[in-house]
Amino acid sequence: MHGYIDRIERTPRGGYEVIDFKTGSSKSSGITKKNLPENIQLNLYALAIREMYGNLPEKATLLYLKDNNPVVYEPTEASVRAFTESMEQMIGRILAGEFPAQPGYRQCEWCPYGDLCGEREAEGE
Ligand code: SF4
């Protein structure tokens, strides 16, 4: 897996903060304190920082520029282990061909695979 990280900063304690800039607003992101530890992007950034520098970052942050509001995840060994186990299970299901469509008007409306999957949900269904 490879990708790009927007910004990495040193913290006053000598650790790292990995930051991803978002153009939208934090209020419309759907991210809550409860689901933050399950966030795929922030956990992948945390794992990348550990691989590059040997330790998890102190913070993995989504910085929403529209309302200038940082959403901060403080990863721990336990939280990234739970994420890794969850991802391994998900990848296993995909490799086994178990990924049923989860139709819904909002995601189906602009989905480029709608004509192929046969599960597309139209408005009002
Ligand atoms: S059209 Fe099919 S593949 Fe696309 S979001 Fe809907 S259910 Fe998923």
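Modeller: On one side of helix H1 (residues 40-53), Ile40, Gln41 and Glu51 are exposed. Helices here are DSSP runs of H or I with at least four residues, strands are runs of E with at least two, and both are numbered from the N terminus. This is a predicted model, in which local features need pLDDT of at least 70 and side-chain atom pairs count only at pLDDT 80 or more, while totals for chains, interfaces and linings use all residues. Residues are numbered from 1 along each chain as its sequence is written.

The buried residues of H1 are Leu42, Asn43, Tyr45, Ala46 and Ile49. Seen down the helix axis, these residues fall within an arc of 160°, so they line one face of H1; the arc is that of the directions from the axis to the C-beta atoms. Their cover includes strand S2 (16-22), S3, S4 and H2. The length of H1 agrees with expectation: 14 residues at 1.5 Å a residue should span 20 Å, and the end C-alpha atoms are 20 Å apart. The expected span is 1.5 Å times one less than the number of residues. Just after H1, Gly54 takes a positive phi of about 95°.

Asn68 has a phi near 50°, a positive value in a residue other than glycine. Most residues other than glycine have a negative phi. Asn68 counts as exposed because it has 9 C-beta neighbours inside 10 Å.

Arg50 is 51 residues from Ala101 in sequence, and their C-alpha atoms are 34 Å apart. Ala101 sits in the loop between helix H2 (77-95) and helix H3 (105-108). It counts as partly exposed because it has 14 C-beta neighbours inside 10 Å. Beyond its neighbours within four places in sequence, Ala101 is in contact with Cys117 and Glu119, contact being C-beta atoms, placed from the backbone, within 7 Å.

Ala101, Cys117 and Glu119 are also among the residues that surround the ligand, where a residue is near if its C-beta atom, placed from the backbone, lies within 6 Å. H3 and helix H4 (114-117) each supply at least two residues of this shell.

Notes:
Buried ≥ 20, exposed ≤ 12 C-beta atoms within 10 Å, placed from the backbone. Contact = placed C-beta atoms within 7 Å.
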